Amino acid sequence: MGSKTIKIVLILLSALFVTLMLILPLATVLVYSLRQGWRTFVSCVTDDYTVKALNLTLLTAAITLAVNTAFGIFSAWSIAKFRFRGKQALTTLIDIPFSISPIIAGLVFILIFGRIGWVYPLMEALDVKIVFAVPGIVLATIFVTFPFVSRELIPLMQSQGCDEEEAAALMGASGLQIFSRVTFPHIKWGLLYGVILCTARALGEFGAVSVVSGHLRGKTNTLPLHVEVLFNEFKLTASFAVASILVVIAIIILILRNIVEFRLKREEG
Amino acid sequence: MSSLKTPPERPKRNVIPGFGLSMGVTLTMLSLIVLIPLASVPLVLRDYSLSEFWRVVTDKQTIATYKVSFSCAAAAAVINVFFGVLLAWVITRYKFPGRRILDGLIELPFALPTAVAGVALTTLYSDKGWIGYLFSKVGVKISYTPIGIKIAMIFIGIPFVVRSIQPVLEKLDPQYEEAAATLGASRARTFMSVVIPEILPAALTGFALAFSRAIGEYGSVVFIAGNIPYKTQITPLIIMNKLEQFNYPAAASIALVMIVFSFLVLFGINILQSKISEISRGS
């Protein structure tokens, strides 16, 4: 077999895999969502419950993003710019949520705030609901996406060293000045990259949210949960119409990710 | 996850401000969001006797879920290593129209919500779906069988393998392969003795990441699995079932087994990887 033949066979095999595993599932969502015509599609997408689910999903993603970005910046600053014992252990601990099933991520919050939880009496006294309510959804999403930003920033800031920050500090710059004028310009694309990955996962998280949500339609249903509810009610067209909103968001995220990755590689030289 | 040890460092006074504040914020948030919640799993089990714990985690139906999860995740990860190497090779070594789109699409399982992937795969591979229909003609059912579980796990795991191997192939200079070829090595032999040893640690990392993700995965698997006890019930699903029955200690017990298992996998792979890099450096 010539190298040309091998090349063609390998490319075709790759194309077949990607078609079966990635392209056809995407096409399924779009075709099924439009199967009963454009009108039905629009009415499913603009349905009251869908809009409420979209709002909850966006709210959850926004809070998650704020918390995890703050954590990412603080943790990367302490890990990349200082020397201390147990640094390796700390980075491993930060990565824990990645190795844990999303079901367990939801479960832990039920075990804390649920009826048998040790915080339950206090929450009861304060009349605050955490699980089977919006705060639980937000908490579970934060847990699952916790390492995304810091994991991008730590290696990036470590590779840049501390010389510039030290120089700025010796010239009397404050911590905030050093970060915003010296460090930030170097890490902005890396930060954005982490933020994009975090957003994608936060918008789409299903397992953890499914455990803590209680599936109250119009109250604690996020978009992915709404897809599940409709699918289980055999409302295929409606389910896929709602799913198509998430597909469009996913495609936008993929394109943004590729642009940012390109800038990031160029910046790194 | 890196096994590299930092060289002994000379303590030096750091002039950069903000260590106390940033470390304080980091540790507080890490404790509140990750560590304390996780600690509540063993805490719930404090009144639970060891024999009760053992009875729950070795219950026949629970054991069956371990088998389904483990065997499907392992099979899916093996298939992913094969296609991961293939895709990484094609993307880095060949120029062809659509290469950039192929490269971008690999990331789709990270960007697409798992529930959407789940309903799409279930429909596509069911008896009425485009592909499932073709297979049902020859008597093969995919959705609601272990094959379906593997399909979902392949979907969720493929980017881990490709993205682990790709950077290594990009750095690997084709000159070595050319040199081996000029010295008379066959193409297959060149690949086996020059390329494979170089990408082995990365492939292993990809395997481990895909495997551990598949073990814990819920959203994309739950729909296509169909949750038939002893047949297609995966471990995360039995935890969910225990939760729905408000049997919290049982859910926590099985969760504890999963947590310990996923830590062991990561730990084992770390050791394996450092061994491999020692060998490749030593030779």
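Buried denotes a relative accessible area under 20%, exposed one over 50%, and partly exposed anything in between (1.4 Å probe, protein chains only). The model is predicted: local features need pLDDT of at least 70 and side-chain atom pairs count only at pLDDT 80 or more, whereas totals for chains, interfaces and linings use all residues. Residues are numbered from 1 along each chain as its sequence is written, chains are lettered from A and ligands numbered from 1 in the order in which they are written, and side-chain values use heavy atoms, with hydrogens and water left out.

View 1. Helices (H or I, at least four residues) are DSSP runs, numbered from the N terminus. A:Arg257 is buried, at 2% relative accessible area, and B:Glu107 is likewise buried, at 4%. Both residues belong to a salt-bridge network that also includes A:Glu261, B:Asp103 and B:Arg163.

**View 2. A:Lys81 and A:Glu165 form a salt bridge within chain A.** Their closest N and O atoms are 3.3 Å apart. The pair links distant parts of the chain, 84 residues apart: A:Lys81 lies in helix H3 (residues 48-81) and A:Glu165 in helix H10 (residues 163-170). A:Lys81 is buried, with 1% relative accessible area, and A:Glu165 is buried at 4%.

**View 3. B:Asp127 and B:Lys141 form a salt bridge in chain B.** The closest N and O atoms are 3.8 Å apart. B:Asp127 lies in the loop between helix H6 (114-124) and helix H7 (130-137), and B:Lys141 in the loop between H7 and helix H8 (146-171), so the pair ties together parts 14 residues apart in sequence. B:Asp127 is partly exposed at 36% relative accessibility, as is B:Lys141 at 44%.

**View 4. B:Asp59 caps the N-terminal end of helix H3 of chain B.** A side-chain oxygen of B:Asp59 lies 3.2 Å from the backbone nitrogen of B:Gln61. The helix (residues 60-93) has 34 residues and reaches 49 Å from its first C-alpha to its last, close to the 50 Å expected at 1.5 Å a residue. The expected span is 1.5 Å times one less than the number of residues.

Notes. Helix = DSSP H or I, 4+ residues; strand = E, 2+ residues; numbered from the N terminus. Polar contact = N/O pair within 3.5 Å; in protein donor to acceptor, adjacent residues only side chain to side chain. Salt bridge = Lys/Arg side-chain N within 4 Å of Asp/Glu carboxyl O.
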